[in-house]
Amino acid sequence: MNRTMLIVAGMSGASSLLLLDSAVKGAALLVSAAIAATILRRDSAATRHLVWMLAIVAMLVVPVMSAMLPQWRVLPEWAGLAPGMVVAETSPPSIARPADGAVELPRNGDREDVERPSASAHPPAAESPDSRPELAPSEILPESTVWGQNRINALPVVWAIGFSVLIVRLTAARWMLWNSERRGTVVWSSRQPANATHDPIVTALEAVSSQLGTGRPVTLLIHPDKTIPVVWGILRSRLLLPEAARHWSGEQLRSVLLHELAHIKRRDSMAQLLVQVACALHWFNPLVWLAAWRLGVERERACDDLVLASGVKPSAYAGHLLDAVTGLSPSRGTQACGLAMARKSSLEGRLVAVLSESPNRRGVSAALAAVALAIAVGISVPVAMLRASDEKPGEQKQQQKPNEGVKLKSVTEQKLKWGEPANGLRMALAWPPSLGEAGMGDAEEFFLVVQNVSQAAVRLTASDAAPNPRTLMMRNNGRPLSAIRDASPMAGDWLLRPREGAFLRLFRPTEKLKDGRTVSALEEESIRMVPQYSVTAEMSIETAPAGAWTGKLATGETRGSVDVIPPKHKDAQALYKTWTTAARRDGKIPGGVIALLGQGVRTFIKNNPTWKTTPQLEKMLPRFDASHDWTGPDAVALLDELAAVQDTPIKMALDQEEALVIRTGTPLPPALANAPWGEALSNGLRMAWLLEPRAREHRLGTPLKSRILIHNAGKQPVVFRTRTWHQVQHKAIDAKGVEIKVESTNWLTRGLLVPFRLEPGEFVEVNAPGIGVGPRGNHGDRQNTGVGSWVEAKAGDDVTVTTGPVPLSDWNQTPDLLDGEPRWWLDFITARLSRHLPFPADAEARKLLLYRVAMELFGTPVSEEINAAFIADRQSTALDSLAMRLFHRPGLHAWAGPLISGPTRFRVFPADPKKPRIAGNPDR
């Protein structure tokens, strides 16, 4: 929710800047048009109309051009958008569902779109904190003037209201014209042949259309009311005349038709639409309304000029205009969508222009239009390229000596997660409060630490001339989740000697949340609250001054303040990483995971009482104190001490942690829809033992790969346990039902017993040895398929293979039911909860704990009722009580029992004599 609100606030800030940018550039274009029109005041109305029209089109096009053209930074900083600011959407994984959208940081950066990762066998076990109401405020406010920023962010809302009103007005006007058209009578359409009617009005229309050479389809309508003649329509023009037109003289009818068809010839309806769109988009700009008014004036005068140029006497035409205004009334909606012949407000000026003998009445030639267009492009392109200058008033750029690098503390260098070096430099993402480096302070902002790992000095320069775009990537179990990008230069100049480093802020510190925190702090809190989350960062410098560094750097994955110097032993590092998935909000490790490690130590001592390290392990047993939470460094120290004595218990605890992770499935692809599925259980589970390659015929000696597919075809999620490796007995018969011998071998491979949760439509795949076609002695090509069973069929046999049942439980285990559900599910829930012991006393901490466990087990949060019961339960039996509530939670079905696949049928052909035999290890 908070990230969604951040998105809205960020988009509001960007929209405000976009409105200001468009207003400034639009004003410049309209002022230029006004100056040009004034200079051309003695030219024709058609020429001035062209000038204003080009300005309106430029206003609509310049924002698009601004996004596409290079930047030219000369405007004052308030007049432009923050450089590199783009808002895009992020698409998170299906289990973790943060609010869709992107946080745009005005003048800081933008959130980029990342590809939605596919589901995997190791899903995220917790949802993003963005759906939790307790997260920080979601409104981006400036560091300086809160009220001023609120007004800036409110601009898009005000603009949207004005825009909506004008669009509604335009729609209503169009509806009124449609209503007038519905009431009118169609007397002729240009799609009809000329001799289709003998109406005098139609004859006159044909003559005028031919004289002007319009060549566009026109529908003529007669309206019963005394309405002023009006024309409208872009693709299909309609001309509406009053019933009184039947009684006009031939000269008056010709004048009216000439004027209205002049609008069609000049495509004034399209121009009017563009003007209306410009007015709706820039309604706040008074210059736009001035331009719209001048366009209307010049448009009517240009049509008047065209009428007079067609031979109509000025005095007669002036009389016709006066008759139209005094004797007829305008049709409703014509001002916004239609082009009426005359209006009282503009009549005086038009009559003066019509009766004047001096005005230039020429039209716009193709050559003049081309020159005007070229001039308009020459003005619009530079205006579109204008951007705000990063340089403040009075600021002067001076050549300065590069800053010296800093030596990192040894503990800092060990703690940071470094990326791969590039051209002598490496980079890590740092959270200052957890490091204590003087050069960074303790600000709650992510910093980039760039270190020289080469043997020579490296100059690192970032500026407008050497931009260094930076990206912060949030990851979920290592997979990209979302990104925030700041393309504005983070200026700096350093000369880094070997082992020296430089500190750069990831984002410019100009925006904060309502409570004073930075957006970086919000991201860091997400990492602490969702154990599967981590962050990485990237920075690149493609152009730089001569001798300065160029290239691309990436950091390693970090968890911010939760990071500690990792254990030295590889398995201890992996185990500590699983511990962090249960870490508290403050980063401490629950004693429950320490207890699991202590249990592994006790098991090793019991099984190896005389081993040389057993006495040392017995002395360590009191160290595994599960009664309290552990700090990260203390937990790491315990792992290092244990690894130095005996690493086997660490491996045992790692296996146990692995067995407590629920795997999830992926949607069943269409290619597997026709696999040999067996009959589905009542809960929807079904199984297919798929042999590949899938074919109707196989030659003797062909090894067939086995794929065990388990699919949930039901309507509810299902959880079950099964081994990751199965070898069972198969049967085969020929076409007559005679049993074919199947020889099998037992491998020592033993798969891990792991739990799965399948949503409706999802499937998982587990492993099994392949099946060979033909006697064992004839099968040698097994470099890609490990064969465990041989169907001793002969060439020409039609074989039906029935694979053995796959147990969704441990091998040879009878399902133990409790209240109709398998007992293992309650035991699993209890074990998963035990990792979080001792339960915290704080209500919010308990709520977070239960949220995490619910997402791990069910993929969805629990009800408020279960939440409230757990928060209130302070008894020693709280663990068992909570486990039982979750065990009986509706909406999910647990299962234990066998699954049977459908049969597989194929015909056996003779062996390929040209195929060489290749030895394979599993069955030699």
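In the predicted model, an open sheet of four strands is arranged in the order β11-β18-β13-β12 with antiparallel pairing, where two strands count as paired if DSSP finds at least two bridges between them. Strands β11 (406-407) and β12 (425-430) form the edges of this sheet, each pairing on one side only. Within the sheet, strand β13 (residues 447-452) and strand β18 (residues 500-505) are joined in the antiparallel sense over five bridges, with F447 standing opposite R505 in β18. Strands here are DSSP runs of E with at least two residues, and helices are runs of H or I with at least four residues, both numbered from the N terminus.

Because the model is predicted, local features need pLDDT of at least 70 and side-chain atom pairs count only at pLDDT 80 or more, whereas totals for chains, interfaces and linings use all residues. Residues are numbered from 1 along each chain as its sequence is written, and side-chain values use heavy atoms, with hydrogens and water left out.

A second open sheet consists of five strands in the order β4-β5-β7-β6-β8, and its pairing is mixed. Its edges are β4 and β8 (339-340), each of which has a single partner strand, so one side of each is left without a neighbour in the sheet. Helix α5 packs on this sheet and touches β5, β6, β7 and β8, the direction of α5 making about 155° with that of β7; contact means heavy atoms within 4.5 Å, and axes are lines fitted to C-alpha atoms, for helices over the stretch in contact, with angles running from 0 to 180 degrees between N-to-C directions. Strand β6 (residues 230-232) is joined to β7 by three bridges in the antiparallel sense, and W232 has R238 as its bridge partner in β7.

Strand β5 (residues 218-223) is mostly covered, six of its six residues being buried, a term that denotes under 20% relative accessible area, as against over 50% for exposed and the range in between for partly exposed (1.4 Å probe, protein chains only). In a regular strand the side chains alternate between the two faces of the sheet. In β5, V218, L220 and I222 point one way while T219, L221 and H223 point the other way, and all are buried. Four bridges connect strand β4 (residues 185-189) to β5 in an antiparallel arrangement, in which W188 stands opposite L220. By contrast, β5 runs parallel to strand β7 (residues 237-242), to which six bridges join it, and H223 stands opposite P242 in β7.

Two packed helices are described by the angle between their axes and the distance between the axes. Helix α4 (residues 200-212) and helix α5 (residues 250-266) pack at an angle of about 50°, with their axes 9 Å apart. The two helices α4 and α5 are therefore oblique to each other, given that angles under 35 degrees count as roughly parallel, over 145 as roughly antiparallel, 65 to 115 as roughly perpendicular and the rest as oblique.

Strand β32 (residues 762-766) has four of its five residues buried, so it is largely enclosed by the rest of the structure. Strand β26 (residues 703-712) is joined to β32 by four bridges and runs antiparallel to it, with H711 opposite F763 in β32.
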